[in-house]
Amino acid sequence: MNLNLVLLIPLLTAAAVLFCKGLKQVRIVSFTGAVIQLILSFVLLYGYWQERSSGNNDAFLFEYNYVWYAPLHINYHIGVDGISVAMILLTAFIVLTGVLVSWKMPAHTTEGEKQSKEFFFLLLFLGVGAYGFFISLDLFTLFFFLELAVIPKYLLIGIWGSGKKEYSAMKLALMLMGGSALVFVGLAGLFFNTHTGDGSHTFDILQIAQMHIPVAVQKLFFPFVFIGFGIFGALFPFHTWVPDGHSSAPTAASMFLAGISMKLGGYGCLRVATYLMPDAAQQYSWIIIVLSCIAILYGAFATMMQTDLKYINAYSSVSHCGFVLLGIGMLTKTAITGAVMQMVSHGLMTALFFACIGMIYDRTHTRQMARLGGLLKVMPFISTVFVIVALCSLGLPGLSGFVAEVTIFMGSWEHSGAFYKITTIIACASIVVTAVYILRAVGKAIMGPLASKEFSLLHDADWNEKLAAGLLTIGIIAIGIAPFWLDRLVGPGADAIMKNITNVVIAK
Amino acid sequence: MNYSDYIALIPLLPLAGFVLLGLFGKKYFRRSSGYIGVLILVMSTALAFYTAYQYFFVSGKVHDTYQTIIPLKYTWLQFSSGTSINMGILVDAISVMMLVIVTFVSLMVHIFSLGYMKGEERFSTYYSFLSLFTFSMLGLVMASNIFQIYFFWELVGISSYLLIGFYYDRPSAVAASKKAFIVTRFADLGFLIGILILAYEGGTLDFNTLIERLTNTQSSQYINITTASFLGISVMTWALTLVFIGGAGKSAMFPLHIWLPDAMEGPTPVSALIHAATMVVAGVYLVARLFPVYSINEAALHIVTWLGAISALLAALIACTQTDIKRVLAYSTISQIGYMMFALGAAKYGGEAGTGFTASMFHLFTHAFFKSLLFLGAGAIIHAVHSNEMKDMGSLRKFMPVTHITFLIACLAISGVPPFAGFFSKEEVLLAAFNSNKFIYSIALFTSGLTVFYMFRLYFSVFWNKQREKHEPPHGISFTMKLPLIILGAGTMFIGFIPFGKYVSSDGKLLESAFHLNFSIAPVCFALAGIAIAMWMYKTESNRPHRVAAAFGGLYQAAHKKFYMDEIYLFVTKKIIFNLVGRPAAWIDRNIVDGTMNGMAYSTAKISGWIKGIQSGKVQAYAMYFFIGIIVLVIIVLYLWK
């Protein structure tokens with residue numbers, strides 16, 4: 001199949017929205033576009049399986065290469081492996097469900113209808129950035145799409161957000177821009193240390209992966225790239241944009257932020273930092289492990305003290321994304337597979353969590369746990385989904401979170417040193433703390449006596465909300481019950497990364 | 001038929017029930033959910049009994065040894081190191097025994113609930129949760145892979161959580177469900193780490209291979225795991241102890257027992273199923289499953305024995321002082337599971353020394369019957385008088401004859417009065433303890449006396465004593481509630497005669513029960529004495545209980561306050577974890593980590609403001625900077641020139 005479609009159709013959808021009039025047209029167009037994107041991503045998955053089962057063992061499939069700017073050797077080079085396919089699937093899910101939950105625009109925006117065009121455009125445009133990022137095989141193109149995905153977030157939060165939205169929007173934009181700047185330094189550093197046959201430099205990921213970048217260069221630029229992407233992926237101590245950003249964002253933007261944007265970071269750490277600089281990855285692995293362990297446990301403890309539902313989910317995202325970085329830092333095939341699984345799982349789960357919180361907020365106009373209670377009685381559907389996603393977050397078997405965490409634990413435990421064992425145990429310990437804060441939230445908001453008489457008049461989810469929640473729930477359960485398909489999808493990609501790393505070990 | 005043709009249906013039928021009732025119950029099966037649930041369980045139970053018949057009487061035995069058969073196995077998740085999580089079904093003596101217990105008790109509870117939960121608003125939800133639990137529990141007992149057991153272990157935990165919190169608008173139920181899950185989760189952390197160690201050292205997660213490797217003293221895995229040590233203790237002991245912590249949490253062993261009494265907030269039939277007969281014995285089952293490995297590790301086995309014995313004694317002491325009928329039964333459950341644990345700990349692998357293993361499984365089997373009967377009886381009583389407190393009950397024998405007789409049978413069974421079920425199993429447990437450790441035996445004997453006392457204290461206070469006038473006269477119970485009581489009562493009278501050693505033993509070979517009549521004189525005397533004392537104190541209303549309580553003074557107080565375990569836990573969680581860990585973490589994040597980020601942004605803004613001032617756009621200012629610059633440059637150049 002032609003991989004350009006994965007970029008083209010979202011772009012066309014976003015463009016088409018600009019020509020619409022009124023909320024009704026806008027959302028029909030966005031919805032149709034998002035559905036096509038989801039179908040396309042499944043077609044891509046199918047095509048990928050077909051290619052693989054017909055014996056195509058190339059690292060990347062459906063490659064397309066077009067010279068974009070010859071003097072700097074920038075190519076529009078795209079292609080996918082299993083990891084990218086998984087991320088594209090995730091993105092398509094989030095885009096569609098994000099459109100669905102915004103069906104009536106964020107509830108609290110007064111001039112909601114007027115700016116619907118801009119809102120949906122930005123949302124879809126964010127999707128374009130993510131799709132482009134995940135299919136890029138050229139560092140500059142990759143960076144280009146990363147930047148595309150930052151700007152819409154600033155506007156989405158700043159205009160349609162709630163609470164101290166200007167502060168949060170600015171904070172998020174500054175920190176992510178800072179991250180991008182670090183990434184750019186790292187990429188430029190890599191570029192000038194590549195040497196192709198004709199004596200020039202290259203941005204091409206495939207070519208760089210075949211070269212051996214001098215260890216000193218790797219050691220110098222790895223931190224730039226890793227920390228830069230790490231900021232996107234909530235690397236401790238650069239995670240502080242997460243709570244504020246998510247909490248102020250409108251529901252769909254929170255879903256995009258946590259579901260897609262944070263995954264850009266994890267994917268970048270994996271695809272660029274670890275894949276292209278394996279020596280440095282080995283050398284710095286212990287620092288990554290320590291930082292992610294801190295994020296996991298400390299994030300969980302910080303979550304325990306939150307009182308706002310969105311803050312709870314945002315802080316728990318810090319903890320859960322710590323697992324992604326832990327898996328990457330552990331540098332075993334199983335752990336890396338687990339990290340990707342955790343990205344997908346966390347993306348679906350946290351988007352669903354934010355969707356539920358948004359639905360609750362739209363109705364009760366509060367996110368404070370102290371003022372909520374007994375919602376199961378008045379909105380059984382939303383509450384049930386809330387409980388399911390909460391259970392997924394605490395790692396209940398049969399749902400996606402368990403699969404990802406277990407894979408990471410197993411992968412981490414493959415190392416023999418005491419350091420790895422202790423850090424794994426620390427990460428494992430978070431399952432207890434997670435249970436504490438999750439059950440606290442469920443017990444307070446969903447169960448218990450009805451907090452206020454007015455709540456008894458509230459209505460349950462509408463069709464669009466049910467569809468969104470249903471889709472994400474199916475995703476969570478599909479991974480949770482049958483993880484082997486995701487494992488088989490991601491496995492070869494993780495293998496390729498591991499090959500680079502083990503080559504280093506053998507070379508020594 | 002081969003096992004593989006139908007055995008997967010045993011757990012899958014309840015799963016289908018869960019999905020069906022969970023998704024469509026509210027809309028389409030509001031009334032009929034109960035019947036659907038019962039029907040499904042009837043099918044599962046029939047298949048389970050058929051399996052048991054096939055296994056024990058037709059095809060299970062080869063060369064006089066019961067075999068372990070794995071009819072189904074699928075790879076669920078493959079790890080690069082070669083280990084994999086498999087979902088499979090393992091058929092051996094103890095898994096088949098558990099199949100029978102789980103399906104049968106679950107069926108009884110399904111039938112009982114038809115009457116007990118009648119008119120409940122979330123009737124279909126209740127049945128879907130019951131189905132979910134039954135599915136998870138069946139998956140647990142049939143697991144062929146240690147990660148599979150963990151998988152279902154967590155699922156039974158969550159089913160228990162959902163059912164304890166079934167009356168979700170009661171804050172006490174919500175708190176109890178939360179506590180149950182978190183305490184067992186804490187224990188599961190140990191279990192998980194234990195699994196990771198076993199997987200790493202054993203190179204596999206499948207029970208069969210794992211046990212084979214870790215019991216073969218020649219294998220490299222065995223040598224590695226026993227020679228490697230951490231903090232001076234061998235890795236093998238660590239792994240087994242950690243796994244046992246998981247089991248101790250689920251089975252409510254001291255000091256992880258605190259969730260079980262609170263779990264009584266759930267509907268009473270649920271307590272009968274989950275918190276008496278099935279889920280709480282999962283810890284015993286886990287140790288039994290890995291018994292060949294435990295049996296060659298003295299240290300781990302000691303921990304099992306002692307924790308079991310201590311739990312049996314302390315829980316029995318507490319049970320003597322509680323006034324809530326369900327809590328008495330809950331502590332009694334802890335105490336009886338303690339029996340099963342130390343019986344396992346007192347056993348060795350194979351032959352006569354394996355008596356403890358058979359005894360433990362036998363006691364697990366009989367306990368499932370009489371304890372679920374006691375709980376269902378308690379449910380009937382609570383249903384009739386609308387209270388859990390013993391002081392609101394009295395003289396109920398006049399109103400509830402069926403409940404009375406069946407309750408009495410169960411009390412006699414748990415007390416070990418011949419010829420009721422508990423007599424045979426308890427005798428065997430005591431015998432195993434006697435043969436291995438005299439001190440444990442004396443604890444067990446004393447505890448059995450306490451058991452009789454608190455059970456008959458309950459019996460006399462509820463069914464005799466003075467009738468309470470406060471409430472309207474208790475109403476009778478429906479047929480659907482009576483039927484399970486009668487069936488379980490009949491079971492309790494006869495299952496003790498099953499020659500258990502013939503079917504279940506540590507090595508699968510025939511175990512001739514060495515049963516001595518002389519040996520049972522002491523326990524039976526203890527039992528009769530216990531009944532007499534309870535009768536003297538509680539048969540009629542008097543101030544004797546107060547006098548006795550006063551005579552015991554401090555011990556009574558301590559037991560009444562449950563040895564202050566809840567207070568200790570509250571102190572640790574609220575004061576230490578929340579205030580000394582959680583609060584600082586949240587504070588540091590907002591003020592120090594984020595503060596640094598904000599500080600950087602702030603100083604950047606300051607500096608840029610300062611630089612901005614230079615670019616003022618005023619031509620005069622530029623001109624001045626220009627001249628100052630020239631002068632400075634000239635000075636530098638002149639200075640350097642010389």
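## The model and its numbering

This is a predicted model, in which local features need a pLDDT of at least 70 and side-chain atom pairs count only at pLDDT 80 or more, while totals for chains, interfaces and linings use all residues. Residues are numbered from 1 along each chain as its sequence is written, and chains are lettered from A and ligands numbered from 1 in the order in which they are written. The model scores ipTM 0.90 and pTM 0.90. Chain B averages a pLDDT of 85, with 97% of its residues scoring at least 70, where pLDDT is the predictor's confidence in each residue, from 0 to 100.

## Chain B as a whole

Chain B has 26 helices and six strands; helices (H or I, at least four residues) and strands (E, at least two) are DSSP runs, numbered from the N terminus. Its C-alpha trace spans about 120 × 70 × 60 Å along the principal axes.

## Two helix pairs

Axes here are lines fitted to C-alpha atoms, for helices over the stretch in contact, and angles run from 0 to 180 degrees between N-to-C directions.

In chain B, helix α17 (residues 355-385) and helix α19 (residues 421-436) pack at an angle of about 150 degrees, with their axes 8 Å apart, and that makes α17(B) roughly antiparallel to α19(B). By class, their contact has eight nonpolar, ten polar and two charged residues.

## Where the chains touch

In all, 40 residues of chain A are in contact with 37 residues of chain B, two residues being in contact if their C-beta atoms, placed from the backbone, lie within 7 Å. On the side of chain A that touches chain B, α18(A) gives the most, with nine residues. By class, that side has 28 nonpolar, eight polar and four charged residues.

## Buried places in chain A

Helix α10 (residues 241-248) of chain A is largely enclosed by the rest of the structure, because eight of its eight residues are buried. Among them are Trp241(A), Pro243(A) and His246(A), and what covers the buried residues of α10(A) includes α6 (151-160), α7, α11 (251-276) and α13 (309-330) of chain A.

Tyr361(A) lies in helix α14 (residues 333-364) of chain A, and Tyr361(A) is buried because 20 other C-beta atoms lie within 10 Å. Tyr361(A) and Leu89(A) are 272 residues apart in sequence and 28 Å apart in space, C-alpha to C-alpha.

Note on methods:
Parallel < 35°, antiparallel > 145°, perpendicular 65-115°, else oblique. Nonpolar A, V, L, I, M, F, W, Y, C, P; charged D, E, K, R; others polar. Buried ≥ 20, exposed ≤ 12 C-beta atoms within 10 Å, placed from the backbone.
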